[in-house]
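Please examine the sequence and the three-dimensional structure shown below. The paragraphs that follow are intended to be read alongside them.

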Amino acid sequence: MATIHLQQVDKLFGTSYAVKPMDLTIKNGEFVVLLGPSGCGKTTTLRMISGLESVTNGMITFDGKDVTWLHPSERDISFVFQFFALYSHMSCYENISFPLQAKNEPKDEIKRKVSQVAQMLRIESLLDKRPGSLSGGDQQRVALARALVRKPAAFLMDEPLGALDAEFRDSMRAEIKRLHIEQGATTVYVTHDQIEAMAMADKVVVMSAAEVQQVGTPLEVYYDPSNLFVAKFIGSPGMNLLKGHYENGTVGLPGDNLLTVSEKAKTLLGKAVGTGEVVVGFRPESVVLKEDGQLHGSVYSSDLHGGYTMLHLSLGSDIVHARGERRMKHAMNTMLRFDLKSEQVRFFDPKTEKSIK
Ligand code: ATP
(Lines give C-alpha, C1' and ligand atoms only; values in the text may rest on other atoms or scores of the structure.)
Protein backbone atom coordinates (compact mmCIF):
# COMPACT_ATOMS: atom_id res chain seq x y z
CA MET A 1 0.00 0.00 0.00
CA ALA A 2 1.18 3.49 -0.78
CA THR A 3 1.40 6.99 0.63
CA ILE A 4 -0.15 9.35 -1.93
CA HIS A 5 0.94 12.94 -2.14
CA LEU A 6 -0.66 15.75 -4.15
CA GLN A 7 1.48 18.81 -4.51
CA GLN A 8 -0.17 21.98 -5.85
CA VAL A 9 -2.40 19.86 -8.08
CA ASP A 10 -5.13 21.67 -9.98
CA LYS A 11 -7.51 21.12 -12.89
CA LEU A 12 -8.87 23.65 -15.33
CA PHE A 13 -11.65 22.89 -17.80
CA GLY A 14 -11.35 25.77 -20.26
CA THR A 15 -10.85 28.76 -18.04
CA SER A 16 -12.71 27.54 -14.96
CA TYR A 17 -11.21 25.58 -12.13
CA ALA A 18 -12.74 22.16 -11.37
CA VAL A 19 -10.06 21.87 -8.66
CA LYS A 20 -8.02 24.81 -7.39
CA PRO A 21 -4.38 24.17 -6.43
CA MET A 22 -4.39 21.67 -3.59
CA ASP A 23 -1.84 19.95 -1.35
CA LEU A 24 -2.84 16.68 0.25
CA THR A 25 -1.08 13.71 1.82
CA ILE A 26 -2.92 10.38 2.12
CA LYS A 27 -0.81 8.24 4.41
CA ASN A 28 -0.16 4.55 3.92
CA GLY A 29 -3.19 2.65 5.23
CA GLU A 30 -5.30 5.77 5.77
CA PHE A 31 -9.02 6.03 4.87
CA VAL A 32 -9.47 9.50 3.41
CA VAL A 33 -12.88 10.80 2.39
CA LEU A 34 -13.32 13.63 -0.12
CA LEU A 35 -16.56 15.30 0.97
CA GLY A 36 -18.53 18.18 -0.47
CA PRO A 37 -21.64 19.24 -2.37
CA SER A 38 -22.26 18.32 -5.99
CA GLY A 39 -19.83 19.94 -8.43
CA CYS A 40 -17.17 20.88 -5.86
CA GLY A 41 -14.40 18.87 -7.56
CA LYS A 42 -14.31 15.58 -5.58
CA THR A 43 -14.59 13.23 -8.55
CA THR A 44 -12.11 15.23 -10.60
CA THR A 45 -9.61 15.00 -7.71
CA LEU A 46 -10.10 11.23 -7.49
CA ARG A 47 -9.79 10.86 -11.26
CA MET A 48 -6.52 12.81 -11.24
CA ILE A 49 -5.17 10.47 -8.54
CA SER A 50 -6.22 7.50 -10.69
CA GLY A 51 -4.80 8.89 -13.93
CA LEU A 52 -8.19 8.85 -15.68
CA GLU A 53 -7.97 12.66 -15.75
CA SER A 54 -4.77 14.59 -16.43
CA VAL A 55 -3.68 17.35 -14.06
CA THR A 56 -3.33 20.91 -15.37
CA ASN A 57 -0.54 21.73 -12.90
CA GLY A 58 1.19 20.05 -10.00
CA MET A 59 2.61 16.66 -9.14
CA ILE A 60 1.19 13.38 -7.78
CA THR A 61 3.47 10.84 -6.11
CA PHE A 62 2.87 7.29 -4.84
CA ASP A 63 5.49 6.44 -2.21
CA GLY A 64 7.66 9.27 -3.46
CA LYS A 65 7.53 8.10 -7.08
CA ASP A 66 6.23 10.66 -9.55
CA VAL A 67 3.12 9.13 -11.21
CA THR A 68 1.68 12.40 -12.55
CA TRP A 69 1.84 11.35 -16.17
CA LEU A 70 1.53 7.58 -15.78
CA HIS A 71 -1.39 5.73 -17.39
CA PRO A 72 -3.99 4.39 -14.86
CA SER A 73 -2.86 0.82 -15.56
CA GLU A 74 0.67 1.76 -14.48
CA ARG A 75 -0.44 3.16 -11.11
CA ASP A 76 -1.51 -0.09 -9.46
CA ILE A 77 -4.89 1.05 -8.19
CA SER A 78 -8.33 -0.56 -7.78
CA PHE A 79 -11.57 1.31 -8.42
CA VAL A 80 -15.12 0.99 -7.19
CA PHE A 81 -17.71 3.28 -8.77
CA GLN A 82 -21.32 4.10 -7.93
CA PHE A 83 -22.54 2.25 -11.00
CA PHE A 84 -20.71 -1.03 -10.85
CA ALA A 85 -19.87 -2.21 -14.32
CA LEU A 86 -19.98 -5.98 -13.99
CA TYR A 87 -19.76 -8.15 -17.11
CA SER A 88 -23.27 -9.56 -17.54
CA HIS A 89 -22.19 -12.55 -19.67
CA MET A 90 -19.75 -13.75 -16.99
CA SER A 91 -20.44 -15.48 -13.69
CA CYS A 92 -19.61 -13.65 -10.46
CA TYR A 93 -16.52 -15.88 -10.11
CA GLU A 94 -15.33 -14.83 -13.57
CA ASN A 95 -16.06 -11.19 -12.82
CA ILE A 96 -14.12 -11.25 -9.57
CA SER A 97 -11.19 -13.19 -10.99
CA PHE A 98 -10.97 -10.97 -14.09
CA PRO A 99 -8.16 -8.67 -12.83
CA LEU A 100 -6.09 -11.72 -11.83
CA GLN A 101 -6.72 -13.52 -15.13
CA ALA A 102 -5.60 -10.36 -16.92
CA LYS A 103 -2.27 -10.63 -15.07
CA ASN A 104 -1.98 -14.33 -15.96
CA GLU A 105 -1.82 -15.45 -12.34
CA PRO A 106 -1.75 -19.24 -11.80
CA LYS A 107 -5.20 -20.88 -11.70
CA ASP A 108 -4.81 -22.24 -8.16
CA GLU A 109 -3.72 -18.86 -6.86
CA ILE A 110 -6.74 -17.19 -8.51
CA LYS A 111 -9.07 -19.74 -6.93
CA ARG A 112 -7.54 -19.18 -3.49
CA LYS A 113 -7.79 -15.39 -3.73
CA VAL A 114 -11.37 -15.36 -5.05
CA SER A 115 -12.48 -17.74 -2.36
CA GLN A 116 -10.80 -15.62 0.34
CA VAL A 117 -12.43 -12.37 -0.79
CA ALA A 118 -15.81 -14.09 -1.34
CA GLN A 119 -15.69 -15.37 2.23
CA MET A 120 -14.83 -11.89 3.53
CA LEU A 121 -17.82 -10.38 1.72
CA ARG A 122 -20.10 -13.34 2.39
CA ILE A 123 -20.86 -13.98 -1.29
CA GLU A 124 -19.59 -17.56 -1.61
CA SER A 125 -23.05 -18.79 -2.61
CA LEU A 126 -23.24 -16.26 -5.48
CA LEU A 127 -20.06 -17.19 -7.31
CA ASP A 128 -21.75 -19.34 -9.98
CA LYS A 129 -24.53 -16.85 -10.66
CA ARG A 130 -24.69 -14.14 -13.32
CA PRO A 131 -24.78 -10.52 -11.97
CA GLY A 132 -28.17 -9.85 -13.62
CA SER A 133 -29.90 -12.26 -11.25
CA LEU A 134 -28.60 -10.50 -8.09
CA SER A 135 -29.98 -7.65 -5.97
CA GLY A 136 -28.28 -4.23 -6.14
CA GLY A 137 -26.55 -4.82 -2.80
CA ASP A 138 -25.17 -8.19 -3.89
CA GLN A 139 -24.00 -6.77 -7.22
CA GLN A 140 -22.12 -4.06 -5.35
CA ARG A 141 -20.56 -6.71 -3.10
CA VAL A 142 -19.34 -8.53 -6.21
CA ALA A 143 -17.95 -5.27 -7.61
CA LEU A 144 -16.18 -4.67 -4.30
CA ALA A 145 -14.81 -8.21 -4.34
CA ARG A 146 -13.41 -7.61 -7.82
CA ALA A 147 -11.63 -4.49 -6.55
CA LEU A 148 -10.42 -6.14 -3.34
CA VAL A 149 -9.16 -9.37 -4.89
CA ARG A 150 -5.93 -7.56 -5.75
CA LYS A 151 -3.60 -5.89 -3.27
CA PRO A 152 -3.06 -2.63 -5.13
CA ALA A 153 -1.20 0.51 -4.01
CA ALA A 154 -4.57 2.13 -3.27
CA PHE A 155 -8.33 1.72 -3.49
CA LEU A 156 -10.22 4.59 -5.08
CA MET A 157 -13.98 4.63 -4.50
CA ASP A 158 -16.43 7.10 -6.03
CA GLU A 159 -19.81 7.09 -4.23
CA PRO A 160 -19.75 3.27 -4.21
CA LEU A 161 -22.91 3.12 -2.08
CA GLY A 162 -24.79 5.89 -3.87
CA ALA A 163 -27.10 3.58 -5.82
CA LEU A 164 -28.05 1.38 -2.86
CA ASP A 165 -31.08 1.75 -0.63
CA ALA A 166 -30.67 2.93 2.97
CA GLU A 167 -30.58 -0.51 4.58
CA PHE A 168 -27.81 -1.78 2.28
CA ARG A 169 -25.88 1.44 2.61
CA ASP A 170 -25.60 1.02 6.37
CA SER A 171 -24.42 -2.57 6.20
CA MET A 172 -22.04 -1.97 3.27
CA ARG A 173 -20.60 1.09 5.02
CA ALA A 174 -19.67 -1.05 7.98
CA GLU A 175 -18.34 -3.76 5.65
CA ILE A 176 -16.08 -1.42 3.68
CA LYS A 177 -14.70 0.08 6.90
CA ARG A 178 -14.04 -3.37 8.34
CA LEU A 179 -12.34 -4.54 5.15
CA HIS A 180 -10.23 -1.43 5.18
CA ILE A 181 -9.09 -2.08 8.74
CA GLU A 182 -8.40 -5.77 8.02
CA GLN A 183 -6.41 -5.01 4.88
CA GLY A 184 -4.73 -1.80 6.07
CA ALA A 185 -5.46 -0.47 2.60
CA THR A 186 -4.84 3.12 1.54
CA THR A 187 -8.31 4.24 0.47
CA VAL A 188 -9.62 7.44 -1.10
CA TYR A 189 -13.41 7.59 -0.97
CA VAL A 190 -15.68 10.21 -2.54
CA THR A 191 -19.09 11.08 -1.11
CA HIS A 192 -21.44 14.04 -0.74
CA ASP A 193 -22.96 12.40 2.35
CA GLN A 194 -21.46 13.90 5.48
CA ILE A 195 -22.84 11.13 7.71
CA GLU A 196 -21.02 8.56 5.57
CA ALA A 197 -17.83 10.64 5.74
CA MET A 198 -18.00 11.01 9.53
CA ALA A 199 -18.67 7.29 9.98
CA MET A 200 -15.91 5.99 7.74
CA ALA A 201 -13.01 8.42 7.52
CA ASP A 202 -9.72 8.60 9.35
CA LYS A 203 -9.37 11.96 7.64
CA VAL A 204 -12.01 14.10 5.91
CA VAL A 205 -11.17 16.55 3.12
CA VAL A 206 -14.06 19.02 2.95
CA MET A 207 -14.33 20.69 -0.46
CA SER A 208 -16.51 23.47 -1.82
CA ALA A 209 -16.37 25.47 -5.04
CA ALA A 210 -13.27 23.65 -6.33
CA GLU A 211 -11.36 24.38 -3.16
CA VAL A 212 -10.28 22.43 -0.09
CA GLN A 213 -11.96 24.04 2.91
CA GLN A 214 -10.53 21.86 5.68
CA VAL A 215 -8.58 18.64 6.18
CA GLY A 216 -9.08 16.99 9.56
CA THR A 217 -10.34 14.03 11.53
CA PRO A 218 -14.14 13.67 11.71
CA LEU A 219 -14.09 15.19 15.20
CA GLU A 220 -11.95 18.13 14.09
CA VAL A 221 -14.22 19.08 11.21
CA TYR A 222 -17.26 18.65 13.49
CA TYR A 223 -16.10 20.53 16.58
CA ASP A 224 -13.49 22.86 15.08
CA PRO A 225 -14.69 23.82 11.61
CA SER A 226 -12.22 26.08 9.85
CA ASN A 227 -14.91 28.33 8.40
CA LEU A 228 -18.64 28.97 8.13
CA PHE A 229 -19.05 26.63 5.15
CA VAL A 230 -17.68 23.62 7.06
CA ALA A 231 -19.67 24.60 10.18
CA LYS A 232 -22.91 24.55 8.17
CA PHE A 233 -22.12 21.56 5.94
CA ILE A 234 -21.08 19.12 8.66
CA GLY A 235 -23.79 17.95 11.04
CA SER A 236 -27.50 17.38 10.66
CA PRO A 237 -28.60 20.06 11.27
CA GLY A 238 -25.37 22.05 10.88
CA MET A 239 -23.85 24.27 13.54
CA ASN A 240 -26.04 27.07 14.95
CA LEU A 241 -24.52 30.33 13.71
CA LEU A 242 -25.67 33.61 15.24
CA LYS A 243 -24.44 37.04 14.24
CA GLY A 244 -23.51 39.13 17.25
CA HIS A 245 -21.66 42.18 18.51
CA TYR A 246 -18.70 41.58 20.83
CA GLU A 247 -17.64 44.03 23.47
CA ASN A 248 -15.60 43.49 26.60
CA GLY A 249 -16.44 39.85 27.38
CA THR A 250 -20.03 39.74 26.16
CA VAL A 251 -21.70 39.18 22.80
CA GLY A 252 -25.04 40.78 22.02
CA LEU A 253 -27.11 38.17 20.18
CA PRO A 254 -30.50 38.20 18.40
CA GLY A 255 -33.69 38.29 20.49
CA ASP A 256 -32.21 40.65 23.15
CA ASN A 257 -29.74 38.07 24.35
CA LEU A 258 -26.38 38.71 25.95
CA LEU A 259 -23.79 35.92 26.12
CA THR A 260 -20.91 36.13 28.58
CA VAL A 261 -17.93 34.36 26.99
CA SER A 262 -15.31 32.26 28.84
CA GLU A 263 -12.05 33.87 30.01
CA LYS A 264 -10.19 32.01 27.25
CA ALA A 265 -12.60 33.32 24.58
CA LYS A 266 -12.34 36.81 26.06
CA THR A 267 -8.58 36.84 25.52
CA LEU A 268 -9.01 35.42 22.00
CA LEU A 269 -11.73 37.86 20.95
CA GLY A 270 -10.02 40.79 22.63
CA LYS A 271 -7.03 40.22 20.34
CA ALA A 272 -8.86 39.19 17.15
CA VAL A 273 -11.94 41.43 17.24
CA GLY A 274 -11.44 44.12 19.91
CA THR A 275 -14.95 45.49 19.73
CA GLY A 276 -17.04 44.48 16.72
CA GLU A 277 -19.03 41.92 14.78
CA VAL A 278 -18.57 38.22 15.34
CA VAL A 279 -20.45 35.01 14.47
CA VAL A 280 -21.08 32.68 17.42
CA GLY A 281 -21.27 28.96 16.54
CA PHE A 282 -22.46 26.02 18.63
CA ARG A 283 -23.83 22.53 18.01
CA PRO A 284 -27.41 21.54 19.02
CA GLU A 285 -25.97 19.34 21.78
CA SER A 286 -24.04 22.30 23.24
CA VAL A 287 -27.35 23.87 24.34
CA VAL A 288 -28.28 23.15 27.98
CA LEU A 289 -31.87 24.01 28.91
CA LYS A 290 -31.90 25.58 32.39
CA GLU A 291 -34.45 27.64 34.28
CA ASP A 292 -31.86 30.26 35.19
CA GLY A 293 -30.00 30.05 31.83
CA GLN A 294 -28.46 33.27 30.52
CA LEU A 295 -30.05 33.04 27.06
CA HIS A 296 -33.68 32.72 26.07
CA GLY A 297 -35.76 31.80 23.03
CA SER A 298 -39.32 30.76 22.29
CA VAL A 299 -40.29 27.33 21.02
CA TYR A 300 -40.86 27.51 17.26
CA SER A 301 -41.33 23.74 16.76
CA SER A 302 -39.91 20.42 17.85
CA ASP A 303 -39.32 17.05 16.19
CA LEU A 304 -39.07 13.70 17.88
CA HIS A 305 -36.18 11.60 16.52
CA GLY A 306 -36.83 8.43 18.49
CA GLY A 307 -33.91 8.67 20.90
CA TYR A 308 -34.01 12.47 21.31
CA THR A 309 -36.04 15.59 20.55
CA MET A 310 -34.77 18.42 18.36
CA LEU A 311 -36.14 21.73 19.56
CA HIS A 312 -36.18 24.77 17.30
CA LEU A 313 -36.07 28.03 19.27
CA SER A 314 -36.67 31.53 17.90
CA LEU A 315 -34.13 34.14 18.94
CA GLY A 316 -35.45 37.25 17.19
CA SER A 317 -35.57 36.25 13.51
CA ASP A 318 -32.97 33.46 13.96
CA ILE A 319 -33.73 29.83 14.74
CA VAL A 320 -31.51 27.85 17.12
CA HIS A 321 -31.56 24.04 17.04
CA ALA A 322 -31.23 22.44 20.47
CA ARG A 323 -31.00 18.75 21.20
CA GLY A 324 -33.09 17.67 24.16
CA GLU A 325 -34.44 14.64 25.93
CA ARG A 326 -36.68 12.18 24.16
CA ARG A 327 -39.68 12.85 26.39
CA MET A 328 -39.44 16.61 26.29
CA LYS A 329 -42.71 18.39 25.39
CA HIS A 330 -43.11 22.16 25.16
CA ALA A 331 -46.03 24.05 23.66
CA MET A 332 -45.30 26.36 20.75
CA ASN A 333 -44.19 29.88 21.77
CA THR A 334 -43.16 28.77 25.29
CA MET A 335 -40.21 30.88 26.41
CA LEU A 336 -37.25 28.68 27.43
CA ARG A 337 -33.98 29.66 29.04
CA PHE A 338 -30.66 27.98 28.24
CA ASP A 339 -26.90 28.11 28.59
CA LEU A 340 -24.19 27.00 26.15
CA LYS A 341 -21.36 24.61 27.02
CA SER A 342 -18.70 27.29 26.85
CA GLU A 343 -15.86 24.94 25.80
CA GLN A 344 -17.90 23.99 22.72
CA VAL A 345 -18.68 27.54 21.57
CA ARG A 346 -16.78 28.68 18.46
CA PHE A 347 -16.32 32.14 16.95
CA PHE A 348 -16.03 33.20 13.31
CA ASP A 349 -15.08 36.40 11.53
CA PRO A 350 -18.19 37.46 9.53
CA LYS A 351 -16.05 39.14 6.84
CA THR A 352 -13.49 36.41 6.10
CA GLU A 353 -15.92 33.66 7.30
CA LYS A 354 -12.90 31.98 8.94
CA SER A 355 -12.81 30.55 12.43
CA ILE A 356 -11.19 32.77 15.05
CA LYS A 357 -8.51 30.68 16.74
P1 ATP B 1 -20.67 15.26 -8.12
O2 ATP B 1 -20.83 14.81 -6.70
O3 ATP B 1 -21.90 15.86 -8.67
O4 ATP B 1 -20.05 14.22 -9.00
P5 ATP B 1 -18.09 16.51 -7.80
O6 ATP B 1 -17.82 17.23 -6.54
O7 ATP B 1 -17.52 15.15 -7.93
O8 ATP B 1 -19.64 16.49 -8.08
P9 ATP B 1 -16.76 17.07 -10.26
O10 ATP B 1 -17.47 16.00 -11.01
O11 ATP B 1 -15.33 16.85 -9.93
O12 ATP B 1 -17.55 17.45 -8.95
O13 ATP B 1 -16.88 18.42 -11.11
C14 ATP B 1 -16.28 19.63 -10.71
C15 ATP B 1 -16.58 20.71 -11.76
O16 ATP B 1 -15.92 20.40 -12.96
C17 ATP B 1 -18.06 20.81 -12.08
O18 ATP B 1 -18.37 22.16 -12.26
C19 ATP B 1 -18.18 20.05 -13.37
O20 ATP B 1 -19.24 20.53 -14.15
C21 ATP B 1 -16.84 20.32 -14.03
N22 ATP B 1 -16.41 19.22 -14.92
C23 ATP B 1 -16.17 17.96 -14.55
N24 ATP B 1 -15.76 17.21 -15.60
C25 ATP B 1 -15.75 18.06 -16.67
C26 ATP B 1 -15.40 17.90 -18.06
N27 ATP B 1 -14.98 16.74 -18.53
N28 ATP B 1 -15.48 18.99 -18.83
C29 ATP B 1 -15.88 20.20 -18.35
N30 ATP B 1 -16.22 20.41 -17.06
C31 ATP B 1 -16.14 19.36 -16.24
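The model is predicted. Its secondary structure comprises nine helices and 20 strands. Taken along the principal axes, the C-alpha atoms fill a box of roughly 75 × 45 × 35 Å. Of the 357 residues in the chain, 51% are buried. The chain exposes about 17300 Å², of which carbon and sulfur atoms supply 50%. Among contacts between residues at least 6 apart in sequence, 66% join residues at least 24 apart.

The interior may be considered next. In soluble globular proteins, nonpolar side chains tend to be buried together. The largest nonpolar core of this model has 43 residues, and those that touch the most other members are Ile96, Leu121, Ile123, Leu144, Ile176, Tyr189 and Ile234. Helix H4, residues 136-148, gives the most to this core, contributing six residues. When residues up to four places away in sequence are not counted, Leu144 touches Val80, Leu121, Met157, Met172 and Ile176.

Which residues surround the ligand? They are Phe13, Ala18, Pro37, Ser38, Gly39, Cys40, Gly41, Lys42, Thr43 and Thr44. By class, this shell has four nonpolar, five polar and one charged residues. Helix H1, residues 42-50, gives the most to the shell, with three residues. For Thr44, a polar side-chain atom lies 2.5 Å from an oxygen atom of the ligand. On its own, the ligand has 640 Å² of accessible area, and the protein covers 54% of this.

Two residues illustrate opposite surroundings. Ser97 lies in helix H2, residues 92-102. Ser97 counts as buried because its relative accessibility is 0%. The side chain of Ser97 reaches the backbone oxygen of Glu94 at 3.3 Å. Ser97 also touches Ile110 and Val114, with residues up to four places away in sequence not counted. Lys354, by contrast, is exposed, with a relative accessible area of 53%. Lys354 is found in the segment after strand E20 (346-348). Although Lys354 and Leu228 are 126 residues apart in sequence, their C-alpha atoms are 6.5 Å apart in space. Leaving aside neighbours within four places in sequence, Lys354 is in contact with Ser226, Asn227, Phe347, Phe348 and Asp349.

Finally, the backbone geometry of some loops deserves attention. The peptide bond from Ser236 to Pro237 is cis, with omega near 0°. Pro237 is found in the loop between helix H8 (228-233) and strand E11 (240-247). Asn104 is not a glycine, yet has a positive phi of about 55°. Asn104 lies in the loop between H2 and helix H3 (107-120), and it counts as exposed because its relative accessibility is 67%. Ala210, which is also not a glycine, has a positive phi of about 70°. Ala210 belongs to the loop between strand E9 (203-208) and strand E10 (211-216). Is Ala210 buried or exposed? Ala210 is buried, with a relative accessible area of 5%.

Definitions and conventions. Residues are numbered from 1 along each chain as its sequence is written. This is a predicted model: local features need pLDDT of at least 70, side-chain atom pairs count only at pLDDT 80 or more; totals for chains, interfaces and linings use all residues. Side-chain values use heavy atoms; hydrogens and water are left out. A nonpolar core is a set of buried Ala, Val, Leu, Ile, Met, Phe, Trp, Tyr and Cys residues joined through side-chain atoms within 4.5 Å. Buried means under 20% relative accessible area, exposed over 50%, partly exposed in between (1.4 Å probe, protein chains only). Helices (H or I, at least four residues) and strands (E, at least two) are DSSP runs, numbered from the N terminus. Contact means heavy atoms within 4.5 Å. A residue is near a molecule or strand if one of its heavy atoms lies within 4 Å of it. A polar contact is a pair of N or O atoms within 3.5 Å; within protein, one must be able to donate a hydrogen and the other to accept it, and residues adjacent in sequence count only if both atoms are side-chain atoms. Accessible areas come from the Shrake-Rupley method with a 1.4 Å probe; for residues, only the protein chains shown count as cover. Ala, Val, Leu, Ile, Met, Phe, Trp, Tyr, Cys and Pro count as nonpolar, Asp, Glu, Lys and Arg as charged, and the others, Gly among them, as polar.
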